[in-house]
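Have the structure open while you read.

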Amino acid sequence: MKSMRLGSGDVAALMTGLQTKSQANLMRKFVSDEIQFYNAKGSPIDAFRAGAILEERYGLILPDDYYPQVRKKSAEMDVFSCSLDFAKIENSKIVDFEELKTCNFMDLLDIEPYRENNSEGVEYVKKRYKKYYNQIQEQLYCTELESATMVFLAVYSYEDEENYTRKIKVNEYIKFRIARDENVINAIKERGKLYQRIKDYFTIPEEKKSKQLKPEANKPPQVKPEEQLQEQAETNTITPEKADEVVKELKIEPKKIIIKEIDF
């Protein structure tokens with residue numbers, strides 16, 4: 001099924017209790033066979049719309065080797081995949097990425113004391129923005145990278161026109177370098193095992209799928225036994241049953257008849 005994937009945005013629900021409504025909704029979406037597409041710019045929610053617009057504005061200040069919205073699937077557990085806000089690509093490989101989070105100006109002021117202290121800033125993110133921390137760990141798992149950057153960008157206005165023309169300045173965002181946390185990654189993988197088993201159960205192996213889609217080269221098409229018999233009768237390579245009856249009625253003198261067996 002096309003919907004059987006766990007994206008980085010699903011991690012928050014994945015890590016909730018197994019009996020919670022969030023977990024039930026995630027499973028329902030997982031087996032729905034419907035791919036959901038979100039148009040954040042067209043959202044009636046101001047925060048979503050502003051975040052999408054400012055993400056584009058932030059991308060303008062990044063180097064040219066950073067590409068927006070790059071997808072990556074886990075090589076170990078293919079039920080996991082992620083969408084990276086900005087991925088740095090070298091020689092067709094993802095070597096780094098930045099995950100952007102927009103927040104109101106007051107929240108950025110709370111983060112400001114940690115601007116120059118990365119270790120304390122990461123600890124603050126783990127406590128205050130746990131779902132963001134878990135999300136970037138899932139992204140590190142999928143990309144197999146050792147660390148990545150989380151960026152907090154201040155939102156000053158929810159007016160589209162102002163955000164479309166805004167020029168992002170250095171003092172308007174704060175970056176933290178977040179390293180892999182194997183404990184969190186293992187917990188995410190453990191929760192994902194059930195979803196992986198479901199996906200594996202409903203997934204046709206690639207070899208079997210290719211055989212279904214493409215017939216084997218140089219292999220003649222299969223012919224039903226009755227069709228093969230009819231074809232042989234038309235080419236006189238076998239005597240049909242009705243012909244035998246005619247022979248008996250004509251009382252032909254006994255002759256040695258060699259009967260050849262045909263395997264179907």
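The points below start with the chain as a whole and then turn to one residue.

1. Keep in mind that this is a predicted model. The protein chain averages a pLDDT of 84, and 77% of the residues score at least 70.

2. On the overall make-up: the protein chain holds eleven helices and five strands. Take the contacts in the chain with a separation of 6 or more, and 70% of them come from residues 24 or more positions apart.

3. How much of the chain is buried? Of its 264 residues, 35% count as buried. The accessible surface comes to about 18300 Å², and carbon and sulfur atoms make up 52% of that.

4. Now for glutamine 135, which sits in helix α6, the element spanning residues 130-143. Is this glutamine buried or exposed? Its relative accessible area is 12%, so glutamine 135 counts as buried, the cut-off being under 20%.

5. Which residues does glutamine 135 touch, leaving out those up to four places away in sequence? The list is Ser8, Val11, Glu99 and Lys101. With glutamate 99 there is also a polar contact: the side chains of glutamine 135 and glutamate 99 are joined at 3.1 Å.

How values were computed: Residues are numbered from 1 along each chain as its sequence is written. This is a predicted model: local features need pLDDT of at least 70, side-chain atom pairs count only at pLDDT 80 or more; totals for chains, interfaces and linings use all residues. Side-chain values use heavy atoms; hydrogens and water are left out. Helices (H or I, at least four residues) and strands (E, at least two) are DSSP runs, numbered from the N terminus. Buried means under 20% relative accessible area, exposed over 50%, partly exposed in between (1.4 Å probe, protein chains only). A polar contact is a pair of N or O atoms within 3.5 Å; within protein, one must be able to donate a hydrogen and the other to accept it, and residues adjacent in sequence count only if both atoms are side-chain atoms. Contact means heavy atoms within 4.5 Å. Accessible areas come from the Shrake-Rupley method with a 1.4 Å probe; for residues, only the protein chains shown count as cover. pLDDT is the predictor's confidence in each residue, from 0 to 100.
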